[in-house]
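Me: I would like to know where the labels on a model like this come from. Please set each value against its cut-off.

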Amino acid sequence: MMNKVFKIIDDIEKSDIKKRLDSIKKEIQSNEDIKKLIKDFNEKKELYEKYNLKDDFIAAKSKLLSNSIVREYISIQNEINLLSMEINKKLNDIKKGI
């Protein structure tokens, strides 16, 4: 069973979706505008959590999510999370059968 798990991990690492996610990460890290949006969002999120400053937080989140690169990154992360949940479910089903 461990061999199959390692094969799944290798397949994911080699997949186009993982390559695109890595590419977007590099793009985000090198894009000063996006880094500013993320920094502003994190600051506003912290103020929202501490002082319930909701309007500033929502505005910063909207601005961040209006960036197409960030939206694509989040979309891919969601796809990977769903895939991970599906894999976990199948592995649990296999474990129950053993």
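The turns below take up the labels one at a time.

Reply: This is a predicted model, in which local features need pLDDT of at least 70, side-chain atom pairs count only at pLDDT 80 or more, and totals for chains, interfaces and linings use all residues. Residues are numbered from 1 along each chain as its sequence is written, and side-chain values use heavy atoms, with hydrogens and water left out.

Me: Why is Lys18 called buried?

Reply: Buried means under 20% relative accessible area, exposed means over 50%, and partly exposed is in between (1.4 Å probe, protein chains only). Lys18 has 16% relative accessibility, so Lys18 counts as buried. The residue is part of helix α2; helices (H or I, at least four residues) and strands (E, at least two) are DSSP runs, numbered from the N terminus. Contact means heavy atoms within 4.5 Å. Leaving aside neighbours within four places in sequence, Lys18 is in contact with Ile12 and Glu13.

Me: What makes Lys18 and Glu13 a salt bridge?

Reply: The term requires a side-chain nitrogen of Lys or Arg within 4 Å of a carboxyl oxygen of Asp or Glu. For Lys18 and Glu13 the closest N and O atoms are 3.8 Å apart, and the pair forms a salt bridge. Glu13, at 44% relative accessibility, counts as partly exposed. In general, side chains of opposite charge can pair when their charged atoms come close.

Me: Which salt bridge does Lys18 form with Asp22, and what is the N to O distance?

Reply: The side chains of Lys18 and Asp22 meet at 2.9 Å, N to O, in a salt bridge. The two residues are four apart in helix α2, which means that about one helical turn separates them. Asp22 has 28% relative accessibility and therefore counts as partly exposed.

Me: Why is the pair Lys50 and Glu46 said to be separated by about one helical turn?

Reply: Because Lys50 and Glu46 are four residues apart in helix α3. Their closest N and O atoms are 3.1 Å apart, and they form a salt bridge. Lys50 counts as exposed because its relative accessibility is 54%, whereas Glu46 is partly exposed, with 43%. Elsewhere, salt bridges that share partners join Glu13, Lys18 and Asp22 into one network. A search of the whole structure finds 10 salt bridges.

Me: What makes the largest nonpolar core a core, and which residues are in it?

Reply: A nonpolar core is a set of buried Ala, Val, Leu, Ile, Met, Phe, Trp, Tyr and Cys residues joined through side-chain atoms within 4.5 Å. The largest has 12 residues, among them Leu21, Ile28, Leu37, Phe57, Ile69 and Tyr73. At least two residues of this core come from each of α2 (16–30), α3 (32–51), α4 (54–65) and α5 (68–97). With four residues, α5 gives the most to this core. Ile69, a core member, touches Ile24, Glu27, Ile28 and Ile34, not counting residues up to four places away in sequence.

Me: Why is the aromatic pair of Phe41 and Phe57 called tilted?

Reply: Rings of Phe, Tyr and Trp (its six-membered ring) pair if their centres lie within 6.5 Å; planes under 30 degrees apart count as stacked, over 60 as edge-to-face and the rest as tilted. By this rule the count comes to two aromatic pairs. In one of them, Phe41 and Phe57 are 5.6 Å apart centre to centre with 35° between the planes, and the pair is tilted. Phe41 lies in helix α3 and Phe57 in helix α4, so the pair ties together parts that are 16 residues apart in sequence. Both Phe41 and Phe57 are buried.

Me: How do you know that Tyr48 and Phe57 are stacked?

Reply: The ring centres of Tyr48 and Phe57 are 4.8 Å apart with 5° between the planes, and the pair is stacked. Tyr48 is partly exposed, with a relative accessible area of 29%, whereas Phe57 is buried, with 14%. Ring pairs link Phe41, Tyr48 and Phe57 into a cluster.
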